[in-house]
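Here are my notes on this model, point by point. Have the viewer open as you go through them.

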Amino acid sequence: MICGMRSLLRALAITAAAAPLAHASPLLGEALAADPLPIPKVYLLYPGPRGTIFDVGCEALVKTPINPVAVEEAVHRAPELQALWDRGGPEYLAVTLAEIGVPFPYEEMQAALTVCPGVRSMSTPLMLNVRRFLSSAERRDPDWLFVETVYHELMHTYVRPVSAVSELRKKYATEDAVVLNHLHVMALERLVLSKLERADYLKRIGDDYRTLLAPAHKRAWTIVDEIEGHEPFIKELKELASRQR
Ligand SMILES: [Zn+2]
C-alpha cells in the first residue's frame, strides 16, 4: 500500500513544479487520474519600492493610513511568499484537479499582494492581503495559512461554472450570495485537507470560519461541515466534468 497520501502528493508537487507530469509513476497514476490535468502557475506580484498601484492609492481609497513598514516588508517577502506557494500550493491543486476531473480554466494566474487595511483577499480581481502573515502583524498567522488562502481564492474561480447548474445552490437560494459563493469552495477545502491528512489545518480554518470572519462564512461552513457534508458539493463539481465531455 502507498506510504501515505501526503508524502505521495509532496513528491507529486515536486514533479509538478518541474514537468507537466507526463512521466508520473504507476503509483501516482493509481492516486491520480490517468492523464493528469495541468496545474496552473500562480505568480504573486508586489514590486518594489511601493508595492502595487492599488496600494499606492489605498490610503485615499479606504481613508485609513497604510503602514509603510508593512509595504516594505511585503516587497521584501514577496519572493518568499512565492516560494511558499510554489512548495505547498501545487499539491492542493493536484488533488483537486485529480478528484474533480475538471481543468482549471487558466494556465496561469497573477495575484496582486496587498497590505491595504480593511481590504480582504478576493478572487476577482485576484488579490491577497498579506498583512496577517508579516512580522508587523498583531497576531501573525502561520505560513501554511497563506498557501491555503491562495488556494481558497483560486477555488472561487475554479467552481464558478457550477453556480448555473447547482441544485444545492437552489436549495439554499434564500441565503446571502456570499454564503452561496462559498459552499463549493469550502467543500473543496474540506476534501483536500482531508486527503492531505491535515486535520490540524482543517480545524484551524473551521475555527476561523466560525469565529473570526463574516457571519456569511460561518453560515457557509455550517452548511458544508455540519448540515450537508462536503460530498454532495463535490459530486456536483464532478458532474461538471461529464457535462464538459
Ligand atoms: Zn472566499
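1. Axes here are lines fitted to C-alpha atoms, for helices over the stretch in contact, and angles run from 0 to 180 degrees between N-to-C directions. On the α5 side the contact uses Y92, V95, T96 and E99, which meet L188, L191, V192 and K195 of α8 (contact: C-beta atoms, placed from the backbone, within 7 Å). Sorted by class, that is 5 nonpolar, 1 polar and 2 charged residues; Ala, Val, Leu, Ile, Met, Phe, Trp, Tyr, Cys and Pro count as nonpolar, Asp, Glu, Lys and Arg as charged, and the others, Gly among them, as polar.

2. A word on the basis: this is a predicted model, where local features need pLDDT of at least 70 and side-chain atom pairs count only at pLDDT 80 or more, while totals for chains, interfaces and linings use all residues. Residues are numbered from 1 along each chain as its sequence is written.

3. Overall, the chain has 11 helices and 3 strands (DSSP runs numbered from the N terminus: H or I of at least four residues for helices, E of at least two for strands). In sequence order they read α-α-β-α-α-α-β-β-α-α-α-α-α-α. Of the 245 residues, 33% are buried, meaning 20 or more other C-beta atoms within 10 Å of a residue's own; 12 or fewer is exposed, and in between is partly exposed, with C-beta atoms placed from the backbone. Among contacts with a separation of 6 or more, 72% join residues 24 or more positions apart.

4. Back to α8, which also packs on α9 (199–211). The axes of α8 and α9 come within 8 Å and cross at roughly 155°, so the two are roughly antiparallel. E189, R190, L193 and S194 of α8 make the contact with Y201, L202 and I205 of α9, a set of 4 nonpolar, 1 polar and 2 charged residues.

5. Have a look at α10 (residues 215–228): its 14 residues should span 20 Å at 1.5 Å a residue, and the end C-alpha atoms are 18 Å apart, which agrees (the expected span is 1.5 Å times one less than the number of residues). The helix bends by about 30° at T222, taken as the angle between axes fitted to the seven residues ending there and the seven starting there. Its buried residues are R219, A220, W221, I223 and V224, and they pack against α8, α9 and α11 (231–244). Just after α10, G229 has a positive phi of about 75°.

6. Which residues does Y172 touch, beyond its neighbours within four places in sequence? They are V179, L180 and I223. Y172 sits in the loop between α7 (167–171) and α8 and is partly exposed, with 17 C-beta neighbours inside 10 Å. Its C-alpha is 9.3 Å from that of I223, 51 residues away along the chain.

7. Leaving aside neighbours within four places, S123 contacts E153, H156 and T157.

Definitions and conventions. Two residues are in contact if their C-beta atoms, placed from the backbone, lie within 7 Å. Angles under 35 degrees count as roughly parallel, over 145 as roughly antiparallel, 65 to 115 as roughly perpendicular and the rest as oblique.
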